[in-house]
Amino acid sequence: MRSGAVGFHLPWLLTALLLGGCAGRIVPPSAPVDPVDVYLLDHGRHASLVLPRRQGGLVRYSYGEWGWYVEGRRHLLAGVSAMLWPTTGGLGRGVHEEIDSPHDLHRLAPEGLVGVYPLRAEAARVAALRRRLDAHFQKGGVTPTYSAEFDLEFVPYPRAYWLTHQSNLVVAQWLRRLGVEVKGLPWLSNWRIEAPPEAP
């Protein structure tokens with residue numbers, strides 16, 4: 001996208017964020033078939049999603065701007081450019097075969113946890129999302145880059161990172177694929193669980 005186009009749309013995007021309250025209201029599915037436990041992790045400014053592995057244990061997925069999360073470019077100019085112009089995105093994955101208890105979720109996130117949101121989702125949807133995300137790591141010619149800071153392996157993501165496609169909004173997309181309704185814009189990793197509607 002050209003810089004002029006970004007400048008033209010920026011006021012509308014900021015207005016949408018303000019009107020949306022920058023909060024994500026999560027409504028879990030009321031009666032998922034064959035439910036399994038999944039976890040939304042809030043790290044303060046970004047979020048990640050933890051799914052159960054078919055072979056046992058847990059796997060954590062996160063999305064972020066490549067320069068910021070992988071290369072450690074965290075100065076002001078890098079942060080501003082990551083928001084205002086499309087830059088390379090990275091998909092992170094951390095496989096933890098030895099962890100299967102919610103009490104140990106802090107071990108998955110060395111950057112720290114502000115909150116943990118346990119959810120229940122249909123097993124088939126969880127498996128489909130896991131296959132979809134893992135496919136990025138199985139592409140030929142792709143060598144993951146390990147980040148000790150986040151304990152995640154990152155691969156380039158085909159869609160660019162910027163204001164309307166940042167870490168928390170991508171996690172919200174993943175939740176929707178699990179049948180979880182996400183209302184509002186959790187741009188600032190501000191989440192709230194709401195009760196699901198009663199089944200008829």
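At 30% relative accessibility, K183 counts as partly exposed, a label for anything between buried (under 20% relative accessible area) and exposed (over 50%), using a 1.4 Å probe and protein chains only. Before going on, note that this is a predicted model, where local features need pLDDT of at least 70, side-chain atom pairs count only at pLDDT 80 or more, and totals for chains, interfaces and linings use all residues. Residues are numbered from 1 along each chain as its sequence is written, and side-chain values use heavy atoms, with hydrogens and water left out.

**Around K183**

K183 meets E194 in a salt bridge, with 3.9 Å from N to O; the term stands for a side-chain nitrogen of Lys or Arg within 4 Å of a carboxyl oxygen of Asp or Glu. K183 sits in strand β9 (residues 181-184) and E194 in the segment after β10 (191-193), so the pair ties together parts that are 11 residues apart in sequence. Strands here are DSSP runs of E with at least two residues, helices are runs of H or I with at least four, and both are numbered from the N terminus. E194 is partly exposed too, with a relative accessible area of 22%. There's also a network of salt bridges here, linking R25, K183, R192 and E194.

**The salt bridges**

By the rule above, the count comes to 8 salt bridges. Side chains of opposite charge can pair when their charged atoms come close. Here are some of the pairs:

| Pair | N to O distance |
|---|---|
| R93 and D134 | 3.1 Å |
| R107 and E98 | 3.9 Å |
| E194 and K183 | 3.9 Å |

At 15% relative accessibility, D134 counts as buried. R107, on the other hand, counts as partly exposed at 42%.

**The sheet**

Now for the strands. Seven of them form an open sheet, in the order β6-β2-β3-β4-β5-β8-β7, with antiparallel pairing; two strands pair if DSSP finds at least two bridges between them. At the edges are β6 (115-122) and β7 (145-147), each pairing on one side only. From one strand to the next, the twist averages 30 degrees, taken between axes that are lines fitted to C-alpha atoms, with angles running from 0 to 180 degrees between N-to-C directions.

Strand β5 (residues 87-96) runs antiparallel to β4 (residues 58-65), and 8 bridges join the two. L58 has H96 as its bridge partner in β5, while Y63 has L91. β5 also pairs with β8 (residues 152-161) in the antiparallel sense, over 6 bridges, and G90 stands opposite P156 in β8. How many of the 10 residues of β5 are buried? The number is 7, so β5 is largely enclosed by the rest of the structure.

**Helix α4**

Helix α4 (residues 123-134) has 12 residues, which should span 16 Å at 1.5 Å a residue; its end C-alpha atoms are 16 Å apart, which agrees. The expected span is 1.5 Å times one less than the number of residues. Its buried residues are V126, A127, L129, R130, L133 and D134.
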